[in-house]
Amino acid sequence: VIRLERRLERPWWLSVAVPVGSLAVAFAIMALVLVASGHDPWHTYRELVVSAFTGNGALSATLISATPILFTGLAAAVAFRMQLFNIGAEGQLYFGAVGASWIALRLGDHGVGSTPLYVLTMCAAAGVLGAFWALIPGVLRAFAHTNEILTSLMLNYVAGYFITYLIFDSASYWRDISTLQARTFPQGKPMPSGAEWSTFGSSVVVPLGFLIGLALAATVWVLYSRTRFGFEVGVIADSQRAARYAGMRTRRKILAVMALSGLIAGIGGASQIGDFTHTLDPSGLQGAAFGYTGIVVAALARYNPFAVCLVAVLLGGLQNAGFTLQGVDFPSGLVGVMQGIILFCALGGELFLRYRLRVVRRVRPQPSGGPATEGAR
Amino acid sequence: VINDSLLVIVLSEAVLYGTPLLYAALGELLAERSGVLNLGVEGMMLFGAAVGYWVTQRVHGGDAEVLALAVLGAAAGGAAMAAIHAFLTITLRASQIVSGLALTIFAGGLGLSAYFGNELHLADLPATHQFGSIDVFGLKDVRVLGPVLFDQSALVYASWALTLVVALYLGRTRWGLNVRAVGEAPASADAMGIGVALYRYVHVLVGGALAGVGGACYSLSITPGWVSGDTLVNGAGWIAIALVIFSFWRAEFCLAGAYLFGALSALPFALQAKSTLERLPAGVLRAPELYQALPYVLTIVVLVVISTSLARRRLGAPAALGVPYAREER
């Protein structure tokens with residue numbers, strides 16, 4: 001029989017070995033799936049690495065995919081850390097995109113040209129709207145004890161319909177109605193040229209949004225590991241009751257954490273507008289499901305902000321490879337399957353971090369030992 | 001004639017759209033009563049829908065046999081997905097919330113269901129078998145109640161029987177009592193000699209199977225066919241989880257709740273039909289999104305009302321819901 005014993009201390013090598021081992025198991029399972037559906041796993045994996053990281057311009061493309069899930073991953077990590085399961089990063093990102101494109105179009109109407117001003121105002125507007133959208137489940141959770149998982153998820157659908165409405169079924173400020181073609185095939189207004197965020201680097205192109213995401217990750221790390229706020233979040237995560245007895249204001253903390261989470265997801269929306277799409281594109285945003293991938297990123301990173309950056313690049317690589325390879329060799333949906341399997345393996349692997357497996361021989365109950373074993377239970 | 005009036009149409013749509021919610025919610029209810037929260041309902045439903053539709057394409061024969069096999073296939077698909085969650089949370093003691101979310105992402109519209117649908121070209125195949133309405137009780141022409149309750153498909157009638165079975169099982173049988181013990185106080189149940197892990201495995205798997213059947217309601221009855229992406233189930237799995245809370249973890253309340261939430265889900269279509277029939281203000285017609293978003297908004301409203309009024313006392317929620325059970329850590 002195998003018995004599980006809780007580890008009292010965790011050897012240092014285990015925190016490296018377990019994630020690596022989980023990843024290896026995940027890729028082994030994936031290989032089985034690939035073989036079962038008639039693909040050559042070795043070939044697929046090699047293609048994957050080439051088009052995600054080592055190929056020409058692959059890393060730049062990977063960073064494009066990594067940027068939004070860096071934001072949504074951070075947003076999820078910030079909230080999940082307090083056992084506050086905000087799975088509404090998806091909708092909060094939409095609202096951030098709405099806010100950012102609104103302010104950019106406004107500034108464009110006034111003929112503003114300075115890109116730094118655009119970046120600042122777009123992030124601010126996106127952060128405010130993202131935080132607002134996250135505060136709805138936050139307030140409901142803090143004051144009405146409503147399950148934030150369900151409310152934040154429902155609001156994703158509402159936000160999705162809202163942006164579709166803005167572009168497809170109304171003559172809103174965001175919609176381009178200047179030309180006949182744009183009136184027949186609904187699309188968002190293009191952003192003014194000043195609102196296109198700059199990029200850095202030449203061989204590997206780093207979008208500004210990715211750097212903002214890294215800065216936010218560092219900020220979150222400082223906030224959560226070096227401040228009183230972060231300490232209180234940790235206590236509330238472990239035991240709400242203990243936190244209340246210690247005089248911590250759990251309600252305020254719920255609101256603050258939800259707002260922070262929504263703010264980060266919202267800025268992710270600003271980065272989508274400023275870095276990549278340069279227009280409000282409802283179908284593109286809804287098809288990409290950045291918010292849900294963010295949950296995978298946060299869970300794989302075990303809610304550590306620096307690990308979120310690393311995992312975002314890895315999963316960004318996987319997604320990017322999925323786009324490039326899509327076709328006979330790499331059917332769509334495979335990326336989601338791979339993400340799921342990796343996450344399952346990582347979740348299962350955590351057992352080995354927390355417990356030690358011990359193989360023990362089944363002890364045959366002896367007649368005289370009866371009361372003793374009874375007592376040991 | 002009153003049986004053709006809009007109200008009757010909306011009510012019968014409520015039953016139609018409530019049925020997948022009822023299956024999924026009864027399944028989730030069983031899992032939750034045994035102490036396991038499974039947030040993967042949406043993914044399990046979608047995968048069940050895909051498998052069910054695939055079976056109707058592969059098996060040849062009369063409607064009845066093919067559809068019965070398809071429902072079985074959908075149940076098997078849902079149960080297979082649930083098995084992952086069960087293994088991770090019961091045996092490996094992983095977080096139930098994270099594992100459930102992972103299951104939805106893994107099995108959902110961007111994962112396994114899409115992969116499965118694409119590999120087998122489900123979206124290109126026209127629907128060949130589907131559940132039609134049958135008049136088993138001979139009450140089809142009764143005023144109002146006839147078209148609403150008795151002009152439905154076999155899936156609807158089976159869901160009533162299932163509700164009864166689940167209610168009796170949980171309330172009146174030894175096994176049901178054991179399940180409740182496992183969900184409320186696993187340590188005491190263990191001391192009584194009830195196999196906590198076994199009970200949880202069985203109920204999570206049955207829950208997954210029912211979610212799969214719920215998904216098959218879409219691909220075999222409501223909108224026969226397969227569409228790639230998340231549009232087929234479109235959040236119904238999450239509404240089913242909300243429905244379990246709404247029904248205070250009681251099967252009999254699930255039935256009423258399912259039709260209420262079903263009416264909410266049918267509302268967009270009913271409003272759309274109405275706005276083309278009678279002339280509503282132009283704004284309503286031009287903005288279908290406003291009423292497409294209604295079911296989700298109203299679900300939030302219902303949840304808030306429930307949680308402020310009664311659930312303060314956590315009425316009905318199994319005490320050990322979401323807590324992994326480890327015998328050696330009691």
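**Close-up views of a predicted model**

**View 1. Phe162(A) and its stacked partner, Phe95(A).** At 30% relative accessibility, Phe162(A) counts as partly exposed, whereas Phe95(A), at 7%, is buried (buried is under 20% relative accessible area, exposed over 50%, partly exposed in between, with a 1.4 Å probe and protein chains only). The model is predicted, so that local features need pLDDT of at least 70 and side-chain atom pairs count only at pLDDT 80 or more, while totals for chains, interfaces and linings use all residues. Residues are numbered from 1 along each chain as its sequence is written, chains are lettered from A and ligands numbered from 1 in the order in which they are written, and side-chain values use heavy atoms, without hydrogens and water. The ring centres of Phe95(A) and Phe162(A) lie 5.2 Å apart with planes at 10°, and the pair is therefore stacked (rings of Phe, Tyr and Trp, the last by its six-membered ring, pair if their centres lie within 6.5 Å; planes under 30 degrees apart are stacked, over 60 edge-to-face, the rest tilted).

**View 2. The tilted pair of Phe132(A) and Trp133(A).** The two rings are 6.2 Å apart from centre to centre, with 50° between their planes. Phe132(A) is partly exposed at 43% relative accessibility, but Trp133(A) is buried at 9%. Ring pairs join Phe132(A) and Trp133(A) with Phe95(A) and Phe162(A) in a cluster.

**View 3. Cys309(A), a cysteine in no disulfide.** For Cys309(A), the nearest cysteine sulfur is that of Cys123(A), 16 Å away. Cys309(A) is buried, with 12% relative accessibility.

Note on methods. Disulfide = S-S within 2.5 Å.
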